[in-house]
Amino acid sequence: MSQGKTGPVVGQRTIGGYLLSLLAWVVGLLFFFPVFWMVLSGFKTEPDANGPPKMFFEPTTEQFSEVTSATSGLLSAGQAFANSFWAVSVSTIAVMILAIPAAYSLSIKPIGKWKDVLFFFISTKFLPIVAAILPLWIIAKELGWLNTRIVLMVLYTAMNLPLAIWMLRSFFAEVPKELIEAAQIDGAKLWGQITSVILPIVAPGIAATALLCVIFAWNEFFLAVQLSPSSGGATVPIWVTGNVTSRGNFLAKLSAASTLATLPVIIAGWLAQKRMIRGLAMGAIK
Amino acid sequence: MSLYYSFTKWTVTPPTPRTWTGIGNYTDAFTNIFFRRAAVTSIVMTVTAVVLSVLLGTLIALLLDRKFFGQGFVRTLILTPFLIMPVVAGLVWKNQMFSAAFGVLNWVLNQVGIESIEFATKYPRWAIVGVLVWQWTPFMMLIILAGLQGQSSSVLEAAKVDGASPRATFFQITLPHLRPYIELGVLLGSIYLIQVFDHIFVMTGGGPQSTNIPLFVYQRSIGGGWRFGSASAFSIVVVVATIILATFGLRVLSGLLEGEEA
């Protein structure tokens, strides 16, 4: 984006300009530091981590193997990652199945009152989950869904749906109308228009939307801890907090577990940062 | 459903029959000092975290809206905190940054001759706000950066030709242009931050200074109190407050959609 910018860039190639660049680097490194420190501590031994801050030490992967090995009676890493994997992937697929047609009917072939529909979707996002948690808990209990993956699959779908519809709508709205009309003139049926014209254009947008749903569902803790805290449905965030113990030192182990839990999302986010921010801004920013 | 429960007296454990109490739970909600404190905490935390992260985010966005070596890389670095799992963010800051014994922040303070402070227990509210600002500044920065980069360069050039100082250009052209983006950032930030639960849960578990409404409702019900009736009343109060916020929010969003054709 900024590469093509021709506007006046104040102070470039002057001493002030270099200082500002340096400042930007310092700010960037400061913001990143806690993450760097967490990863670093994951490779320390417990005595090294539970002491004065140390930059140089003998790295070990001992903590990683320890946190991933199962202890009986406790939530194992494998179980938590499996629960998260299922809750996240099923909910994301469900969101996409529901959101793509919805976005289509709100942008390319707008139904009547499409703005009202759009605002209805997003208004559900304004309600704090805390206000709905008690009824949800009671419903889940009645259905026998407490401590299962199913409850999280259903709720994560509901949680991500409004945002996904908004985000996809803004990507769909960018498909040039002329292209669709041209395809129509060429005799393409509705299905042909969708698969050969629309989908190739919006595919990157769909990927970014799905990724965002994955990130939100992966990081979610409030619903998970309230509705499925034990091993039948407990997800990765719950497993991370389980590494805090009152017995003995845990900092290095906690760091190792945190690193494992956050790494997938960090990498995914780095890869899709530009499209992602647009989704977070509910498609309001181009 | 929540509305119905809120008019009843209902404790799950020990199980008592649900009895109708009318508005009793509501008068409780407004007279309950703990609830009022939680409400104040919620408001103070949300407002300070949103304001600080918008301010910092704007400054950093201005800093990044220039061409320099490694621009994309620095942006990626700053973005990272936003991607961190909130639970992890809370734990890392509590144990490795704020901790009096081994925290990096206190180590830095010691180097300049200040004694260690156990931030998370001494200033729980501000410690949590600090972590929230760390996670949300990147978000604000990205929104505002998108706004800055959407500025038309011809307008900026015209201003320069007319002899406007950089300062005047910023306050009279850039800032008004950024206004909708800042509004959007404030709106989204408030929606998410009013619901903050994870950070508080792992950092303090809800002490007197840091229990906000979500945590308070949790403590009253699923977290051990099991008083579903009164907890429901508390959540209804939250809903009413949110509707007010949402009305404002929807107006901002529809302003952004203006001018877009169907």
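Guide: Two rings of Phe, Tyr or Trp, the last by its six-membered ring, are taken as a pair if their centres lie within 6.5 Å. The model shown here is predicted. Under this rule, ring pairs join A:F216, B:F82, B:W136, B:F139 and B:Y192 into a cluster. Over all chains, the count is 21 aromatic pairs.

One of these pairs is formed by A:F43 and A:F64, with 4.9 Å from centre to centre and 45 degrees between the planes. The pair is tilted because planes under 30 degrees apart would count as stacked and planes over 60 degrees apart as edge-to-face. Distant parts of the chain are linked by this pair: A:F43 belongs to the loop between α1 (15–42) and α2 (46–49) of chain A, whereas A:F64 belongs to helix α3 (residues 62–68) of chain A, and the two are 21 residues apart.

The two partners may also be described by their accessibility. A:F43 has a relative accessibility of 30% and therefore counts as partly exposed. A:F64 has a relative accessibility of 14% and therefore counts as buried, since the term applies under 20%.

A further pair consists of A:F85 and A:W86, whose ring centres are 5.5 Å apart; their planes stand at 80 degrees, so this pair is edge-to-face. A:W86 is partly exposed, because its relative accessible area is 41%. Another ring, that of A:W37, has a charged neighbour: A:K44 lies over its face, at 4.2 Å from the ring centre.

In the contact between them, 86 residues of chain B meet 90 residues of chain A. Together the chains bury about 7,900 Å², and carbon and sulfur atoms account for 76% of this area. On the side of chain B, the residues that lose the most area to chain A are B:R66, B:L83 and B:M85, which together make up 9% of what that side buries. The number of salt bridges between chain B and chain A is zero.

Chain B itself has 13 helices and two strands. Of its 262 residues, 54% are buried. Chain B exposes about 11,500 Å², with 67% of that supplied by carbon and sulfur atoms.

Note on methods
Residues are numbered from 1 along each chain as its sequence is written. Chains are lettered from A and ligands numbered from 1 in the order in which they are written. This is a predicted model: local features need pLDDT of at least 70, side-chain atom pairs count only at pLDDT 80 or more; totals for chains, interfaces and linings use all residues. Side-chain values use heavy atoms; hydrogens and water are left out. Helices (H or I, at least four residues) and strands (E, at least two) are DSSP runs, numbered from the N terminus. Buried means under 20% relative accessible area, exposed over 50%, partly exposed in between (1.4 Å probe, protein chains only). A charge sits over a ring if NZ of Lys or CZ of Arg is within 6 Å of the ring centre and within 35 degrees of the ring normal. Accessible areas come from the Shrake-Rupley method with a 1.4 Å probe; for residues, only the protein chains shown count as cover. Contact means heavy atoms within 4.5 Å. Buried area is the accessible area (1.4 Å probe) that two parts lose on being put together, summed over both. A salt bridge is a side-chain nitrogen of Lys or Arg within 4 Å of a carboxyl oxygen of Asp or Glu.
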